[in-house]
Amino acid sequence: MSGSDRLMKKILILSGPNLGRLGKREPEIYGSKTLQDVHEDVAQSLGSGFTSSGRQSNHEGELISWIGETEDEGIDGIIFNPGAYTHTSYALYDAIRGSSLPVIEVHISNPDAREEFRKTSTIAPACAGRVAGFGTTSYVLAAQGLAALLLKN
Ligand code: CA2
């Protein structure tokens, strides 16, 4: 790792089940951008003091392992869209609680304006903040919020 790398704040963009199909199905709900497009939008929106990388998994255990490894990888904060695990996963809640990094919950749609089961987030109490309902721009807004938080601390 070079000296300048060490000065950069590292943001992980983490996405859960089915989000790898973004831009390919249900564009009326989730828009027409692919997850790769979204990762690039976030990277472009961040200032020069930040780097970002994106990962997606359909598997709860893999998401949990990745969250557990972030501190060792030198990551400073996480933007996390857990997909439908948002509404069911106490294991992801525990993983976020067990990490000392700030995690911002992000959603493309507004889960509170949809079906009843989407109104519960098991991870929300473990997160530093939440952005939802702005389409894929939610990821960019969450990155801006996280960047401000990281510069403050
Ligand atoms: O609005 C969000 O970002 C959600 O996290 C998306 C989840 C949903 O279960 C949450 O309630 C809200 C679903 C992601 C499914 O993504 C797809 C993308 C393209 C095609 C099909 C599914």
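How many nonpolar, polar and charged residues are in the shell around the ligand? By class, this shell has five nonpolar, six polar and four charged residues; Ala, Val, Leu, Ile, Met, Phe, Trp, Tyr, Cys and Pro count as nonpolar, Asp, Glu, Lys and Arg as charged, and the others, Gly among them, as polar.

The model is predicted, with pLDDT of at least 70 needed for local features and 80 or more for side-chain atom pairs, while totals for chains, interfaces and linings use all residues. Residues are numbered from 1 along each chain as its sequence is written, and side-chain values use heavy atoms, without hydrogens and water.

**View 1. Residues around the ligand.** The ligand is surrounded by 15 residues (a heavy atom within 4 Å), and the closest are N81, H87, I108, S109 and R118.

View 2. The side chain of S109 places an N or O atom 2.5 Å from a ligand oxygen. For the side chain of H87, the distance from an N or O atom to a ligand oxygen is 2.7 Å. I108 contributes a backbone N or O atom, 2.7 Å from an oxygen of the ligand. The protein buries 95% of the 510 Å² that the ligand exposes when taken alone (Shrake-Rupley method, 1.4 Å probe).

**View 3. The largest pocket.** The ligand sits in this pocket, as more than half of its atoms lie within 2 Å of the pocket's grid points. The largest pocket holds about 350 Å³ of space, the volume being that filled by probe spheres set on the points. Its lining comprises 18 residues, of which P17, N18, L19, Y30 and G83 are the closest to the centre. A pocket is an open set of points on a 1 Å grid where a 1.4 Å probe fits, with protein on both sides within 12 Å along at least five of seven lines; lining residues have an atom within 4 Å of a point.

**View 4. The loop between β1 and α2.** N18 is in this loop, between β1 (9–15) and α2 (27–30), and has a positive phi of about 75 degrees. E26 lies in the loop too, with a positive phi of about 50 degrees. Helices (H or I, at least four residues) and strands (E, at least two) are DSSP runs.

Definitions and conventions
Polar contact = N/O pair within 3.5 Å; in protein donor to acceptor, adjacent residues only side chain to side chain.
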